[in-house]
Every structure is written in C-alpha cells, then in structure tokens.
Amino acid sequence: MWVVGTSFGSEAALLTGSHSGDIAGVIAFAPSDVVWAGYDEQRRETSHWTLGHAPVPYLPFDWDGYVKETPARFRPLYERSRATFSDGIAAASIPVERIQRLVLVAGGDDQVWPSVPHAENIRSRRASVGLATALIVATRAGHRTILPGERTVTGGAPMLRGGTEAEDKALGARAWNTIETALRSAR
C-alpha cells in the first residue's frame with residue numbers, strides 16, 4: 001500500500017510511512033521534513049498529529065514580525081519559524097529514513113511554505129543512510145501540483161500558493177511519469 005498526501009497531508013503521509021511497516025511507499029506533494037504546529041479547539045498551539053495518543057514533537061510558529069497579507073502568504077512565517085526554533089528541528093523531524101520508497105514533488109515558487117528546501121532536506125537525510133528518493137521539482141510551479149486529467153482546484157482558504165496553472169500542470173505531468181514508474185516497480 002502507498003500513502004499520498006499534499007501539504008499538511010504530506011506530513012501525515014510521511015509520518016504514516018515512517019511509523020507503519022505496512023506502507024510500501026509514500027508520495028508527498030509540497031512536503032515538509034518536519035512536523036509543524038497546529039491549533040486545538042481553544043486556539044492553543046499544539047502538534048497537528050499524535051502517535052500513541054501523545055503529540056508528535058513539532059516546530060512552533062514565530063509570529064513576531066509576521067506581516068499579514070491579503071491574500072495570505074505564509075512562506076516567510078515558516079522560514080522565520082524554522083530559523084527561530086532551529087534547536088527543535090531534530091525533535092520535530094519526520095523519520096523519513098524509515099520509509100521504503102519515496103517520491104517527492106515540489107514547486108520552487110511555493111508561497112505557502114518552502115517545499116523545495118523541505119524536500120531537499122528529506123532527500124539529503126535519506127541519502128546519508130543510503131536510501132534513494134525520487135525528487136521532482138519545477139522552479140516556477142507553486143504549492144499545488146496538478147496531475148494529468150485532474151481539474152484545477154479553486155476552493156479552499158484564500159492564500160497565495162505561487163506558480164501558475166500552466167506551471168503546476170507541467171510539474172504534474174513530469175511527476176506522473178515518476179509516480180507511475182514507482183508504483184509499477186513496487187508490485
């Protein structure tokens with residue numbers, strides 16, 4: 001079985017793949033190499049995820065100096081938070097070295113978070129233990145990869161995602177070939 005996720009869903013997919021022996025591989029679009037903060041019902045910062053009923057370690061947000069934009073663009077917040085709380089990166093890192101097969105897809109113009117640096121961190125950590133990682137990057141694509149035959153999603157929270165529809169589709173077309181190959185080779 002393969003697990004697929006996009007954005008925060010890629011965190012979930014990567015965590016699932018790293019903590020379950022039943023997962024053959026993970027495909028992560030706009031991935032993150034660390035777990036980021038989320039908010040509970042009382043709007044308190046906490047982990048997005050739990051494991052064994054305990055919160056998974058996460059990187060908090062550094063809201064000091066955050067400049068609200070309309071529509072929102074969060075990449076600077078993630079970059080600043082990572083720098084401010086760099087001492088927590090090791091604890092919040094997703095143990096991607098435990099994943100058997102991994103395909104990462106990221107756009108260089110992602111304005112939600114820096115998915116290409118996140119993906120490169122993942123690939124580097126896996127390479128340090130002898131694991132291969134398929135990484136497909138398009139410099140001008142944004143946060144949302146559009147796969148062949150997929151409709152462009154226009155809903156969701158209003159925010160700058162970067163890229164253009166054409167660039168996001170081009171990234172999806174390039175990624176699709178790698179994804180098909182990975183899935184076929186896993187049989």
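Student: Which strands does helix H4 lie across?
Tutor: This is a predicted model, to be clear. In it, helix H4, residues 115-127, lies across E7 and E8. The helix runs at about 155° to E7.

Student: And helix H5, what does that one lie across?
Tutor: Helix H5, residues 165-185, lies across E1, E2, E7 and E8. Its angle to E8 is about 170°.

Student: OK, the sheet now. What order are the strands in?
Tutor: E1-E2-E7-E8, in an open sheet of four strands with parallel pairing. Strands E1 (2-6) and E8 (134-138) stand at the edges. Each has a single partner strand, so one side of each is left without a neighbour in the sheet. From one strand to the next, the twist averages 10°.

Student: How many bridges join E7 to E8?
Tutor: Five, and the two strands run parallel. Alanine 106, for instance, has valine 137 in E8 as its bridge partner.

Student: What about E2 and E7, how many bridges there?
Tutor: Five bridges join that parallel pair. Valine 26 stands opposite leucine 102 in E7.

Student: Is E2 mostly covered or mostly open?
Tutor: Mostly covered: five of its five residues are buried. Gly25, Ile27 and Phe29 are on one side, with Val26 and Ala28 on the other.

Student: Last one. What unit do E1, helix H1 and E2 make?
Tutor: A right-handed β-α-β unit, with H1 spanning residues 8-19. E1 and E2 pair in the parallel sense over five bridges. Tryptophan 2 stands opposite glycine 25 in E2.

Notes
Residues are numbered from 1 along each chain as its sequence is written. This is a predicted model: local features need pLDDT of at least 70, side-chain atom pairs count only at pLDDT 80 or more; totals for chains, interfaces and linings use all residues. Side-chain values use heavy atoms; hydrogens and water are left out. Two strands pair if DSSP finds at least two bridges between them. Axes are lines fitted to C-alpha atoms, for helices over the stretch in contact, and angles run from 0 to 180 degrees between N-to-C directions. Contact means heavy atoms within 4.5 Å. Buried means under 20% relative accessible area, exposed over 50%, partly exposed in between (1.4 Å probe, protein chains only). A crossover is right-handed if, with the strands pointing away from the viewer, the path from the first strand over the helix to the second runs clockwise.
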